[in-house]
Amino acid sequence: FCLLLASFSFAQTNEINIIPKPLSVKVDSDVFELSKATKIVIWDERLREIAIGLNAAIARQYGFKLKIVDQGGASVKNVIILMRTRFQDESEYNISVRKGVILLMGNQQGLFHSIQSFLQLLPEKKGTKIHIQAVGIVDKPRFPYRGMHLDVSRHFMSIELVKKYIDLMSQYKFNTFHWHLTDDQGWRIEIKK
């Protein structure tokens, strides 16, 4: 009986795990092959900063950078397209992963959230070719206030830890940082005036 249950614990599912769970996830049987030849296509020059951030995250994880091109400078094969789209909710976004194209859509904040979800889709294994499951994701926050609290008034923390904390908050799409700097015993930061 124990051996039977042990086999279920090692079974892998085809489930897409993104935190927080998106509103809608539709999995397809195709895969997108991410490699050094993949290009990031931007439809607007204002998206270059977001594309650079995505490229840096891919470089950290896999050790190679992708070429960033404008919409006219790329074919529609083996590309990641960043597209600004108007949604009613500022944080709403869509992700479409198909065999040759990944489409990340949203306004400025929504695109940032789509990249955070896309990075969670990437496999941990390193290699020359990375396979990403084809999927369609539609998401927007269920709650307008999504925050975390950090208490440094009684528990001293380094600057690096606070920065890491904020990075993790943005990775999981929190939008409010409550920083407890002072208590009745006094401030924990130096104020000259």
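1. In this predicted model, Phe 177 has a relative accessibility of 27% and therefore counts as partly exposed. Tyr 165, at 19%, counts as buried; the cut-off for buried is under 20%.

2. Three aromatic pairs turn up in a search of the whole structure. In the pair formed by Tyr 165 and Phe 177, the ring centres are 6.0 Å apart and the planes meet at 50 degrees, so the pair is tilted. Tyr 165 belongs to helix H4 (residues 159–171) and Phe 177 to strand S9 (residues 176–180), so the pair ties together parts twelve residues apart in sequence. Ring pairs also bring in Trp 179, giving a cluster of Tyr 165, Phe 177 and Trp 179.

3. Helix H3 (residues 108–121) has 14 residues, which at 1.5 Å a residue should span 20 Å; the end C-alpha atoms are 20 Å apart, so the two values agree.

4. The buried residues of H3 are Gly 110, Leu 111, His 113, Ser 114, Ile 115, Gln 116, Ser 117, Phe 118 and Leu 121. Their cover includes helices H2 (48–62) and H4, together with strands S4 (79–84), S5 (93–97), S6 (101–106) and S7 (130–139).

5. The largest pocket has a volume of about 580 Å³. It is lined by 17 residues, of which Ala 57, Arg 60, Gln 116, Leu 119 and Gln 171 are the closest to its centre. H2, H3 and H4 are the elements that give two or more residues to this lining, and H2 gives the most, with seven. By type, the lining of the largest pocket divides into seven nonpolar, six polar and four charged residues.

Note on methods
Residues numbered from 1 in each chain as written. Predicted model: local features only at pLDDT ≥ 70, side-chain atom pairs only at ≥ 80, totals over all residues. Heavy atoms only, no water. Phe/Tyr/Trp six-rings, centres within 6.5 Å; stacked < 30°, edge-to-face > 60°. Helix = DSSP H or I, 4+ residues; strand = E, 2+ residues; numbered from the N terminus. Buried < 20%, exposed > 50% of the residue type's maximum accessible area, 1.4 Å probe, protein only. Expected span 1.5 Å × (residues − 1). Contact = heavy atoms within 4.5 Å. 1 Å grid on protein atoms, 1.4 Å probe; cavity = no way out; pocket = protein on both sides within 12 Å on 5 of 7 lines; lining within 4 Å. Points joined across faces, edges and corners; volume = space filled by probe spheres on them. Nonpolar A, V, L, I, M, F, W, Y, C, P; charged D, E, K, R; others polar.
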